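I am opening my notebook on a structure that is new to me. I will jot down what I look up as I go.

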Amino acid sequence: MEPAHSASPGDGAAEVLLSELERQVQDVVRASSWWERRGVDCAILALSLLALPAGFLCLRSHNVLAFATGITILGVCHYTLTVKGSHLATHGALTESKRWGKILMIFFVEVCTAFPAEVAKFNHVNMHHGYTNVVGLGDSSTWKVPCLNRYIYMFLAPLSIPILTLLVALERLRKEELRVALRTLVFMSLGLYSQYWLLLNVSGFRSPSSALACMLLARSLLAHPYLHVNIFQHIGLPMFSPDKKPRRIHMMSLGVLNLPRQPVLDWAFGHSLISCHVEHHLFPWLSDHMCLKVKPLVSKFLHDKQLPYNEDSYLARFQLFLSRYEEYMVHAPSITELVGVQ
């Protein structure tokens with residue numbers, strides 16, 4: 001639902017800028033091989049699936065180092081499949097086939113993540129991308145928990161994400177069509193029970209409680225950076241009102257921030273969620289590897305056109321959110337109005 005607003009000279013200029021940038025990016029995409037466009041990211045996801053048996057087998061050991069290695073393998077693979085895989089699948093960035101795109105989205109979102117695929121796609125693609133930093137629509141306010149103080153939120157709350165994800169999924173299923181809800185429930189149960197069964201029968205856990213505790217530990221391994229990244233890259237940046245939101249190129253250049261490259265997070269979350277978030281919001285159909293490839297082009301273009309290109313370090317954002325937690329995470333955000341741009 002696009003808010004109605006009268007056309008202004010700035011609208012035409014913004015559309016010309018975006019069209020020019022899109023043309024340059026499309027030229028890079030057309031000149032790239034399938035391996036660059038999709039193959040690299042498909043290979044990372046395939047390797048994560050192939051590494052799972054090693055993780056389950058490591059947990060059989062009574063050696064502390066081997067056990068820790070098993071938890072690390074399962075945790076990193078879990079986030080690679082549930083964050084990177086689900087993210088690329090909801091954007092259709094893994095394949096050109098609509099049929100296979102739907103299958104991959106169900107696999108990564110419902111089987112691996114235990115969350116309704118259609119709900120995830122609507123909330124992320126339609127709302128967050130369609131209304132980036134628009135108050136009440138795509139402003140990342142779902143990540144705010146005003147009743148928690150800064151230290152509990154930043155340090156302890158991430159550990160509850162695996163459980164909260166499941167509870168939210170079950171609550172959302174109540175509003176889905178019966179056929180879709182039953183399908184989702186079956187696939188969610190399949191994913192959860194498969195991991196539980198493997199821990200009991202392959203890893204050798206002797207009690208259900210120890211297997212469940214291991215599941216929670218592995219699924220919480222990267223919960224802290226997952227929560228932090230989701231708030232660092234939008235909250236604290238300009239927010240817009242629904243009836244005065246700027247054109248797309250201004251919205252994305254102002255309301256999105258890139259973090260530096262970090263090997264573990266690049267692998268598990270994907271470049272489009274870490275160091276190429278601006279590129280991803282401008283071109284959400286690109287794979288992680290292609291976002292990284294067009295990053296220098298996008299950065300140079302925005303700088304040449306004197307448009308913002310937000311970048312900051314993980315540590316700097318962490319310190320900023322700790323010091324200004326109430327302003328960013330408790331109080332309502334202030335509205336940014338761009339005179340002459342809307």
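This is a predicted model: local features need pLDDT of at least 70, side-chain atom pairs count only at pLDDT 80 or more; totals for chains, interfaces and linings use all residues.

From H4, I listed Lys102, Met105, Ile106, Val109 and Glu110. They meet Ala117, Glu118, Ala120 and Lys121 in H5. I then sorted this contact by class: five residues are nonpolar, four are charged and none is polar.

Next I checked the geometry. H4 spans residues 98-112 and H5 spans residues 117-129. Their axes come within 9 Å and cross at roughly 95°. Angles of 65 to 115 degrees count as roughly perpendicular, so I noted H4 and H5 as roughly perpendicular to each other.

I turned to glutamine 195, which I found in helix H8, residues 178-201. Is glutamine 195 buried or exposed? Its relative accessibility is 12%. Buried means under 20%, so glutamine 195 counts as buried. I looked for its contacts too. Leaving out residues up to four places away in sequence, glutamine 195 touches Phe56, Met215 and Arg219. With arginine 219 there is a polar contact, side chain to side chain, at 2.9 Å.

Then I read the UniProt record, an unreviewed entry. Residues 63-82 are 95% helix and 0% strand, with end C-alpha atoms 28 Å apart. Residues 180-198 are 100% helix and 0% strand, and their end C-alpha atoms lie 27 Å apart.

Last, I looked up the domain. The unreviewed UniProt entry annotates residues 65-311 as "Fatty acid desaturase". I noted 64% helix and 2% strand for residues 65-311, with 37 Å between the end C-alpha atoms.

Key:
Residues are numbered from 1 along each chain as its sequence is written. Side-chain values use heavy atoms; hydrogens and water are left out. UniProt positions are given in the numbering used here, feature names are shortened, and annotations may be inferred rather than shown by experiment. Helices (H or I, at least four residues) and strands (E, at least two) are DSSP runs, numbered from the N terminus. Buried means under 20% relative accessible area, exposed over 50%, partly exposed in between (1.4 Å probe, protein chains only). A polar contact is a pair of N or O atoms within 3.5 Å; within protein, one must be able to donate a hydrogen and the other to accept it, and residues adjacent in sequence count only if both atoms are side-chain atoms. Contact means heavy atoms within 4.5 Å. Axes are lines fitted to C-alpha atoms, for helices over the stretch in contact, and angles run from 0 to 180 degrees between N-to-C directions. Angles under 35 degrees count as roughly parallel, over 145 as roughly antiparallel, 65 to 115 as roughly perpendicular and the rest as oblique. Ala, Val, Leu, Ile, Met, Phe, Trp, Tyr, Cys and Pro count as nonpolar, Asp, Glu, Lys and Arg as charged, and the others, Gly among them, as polar.
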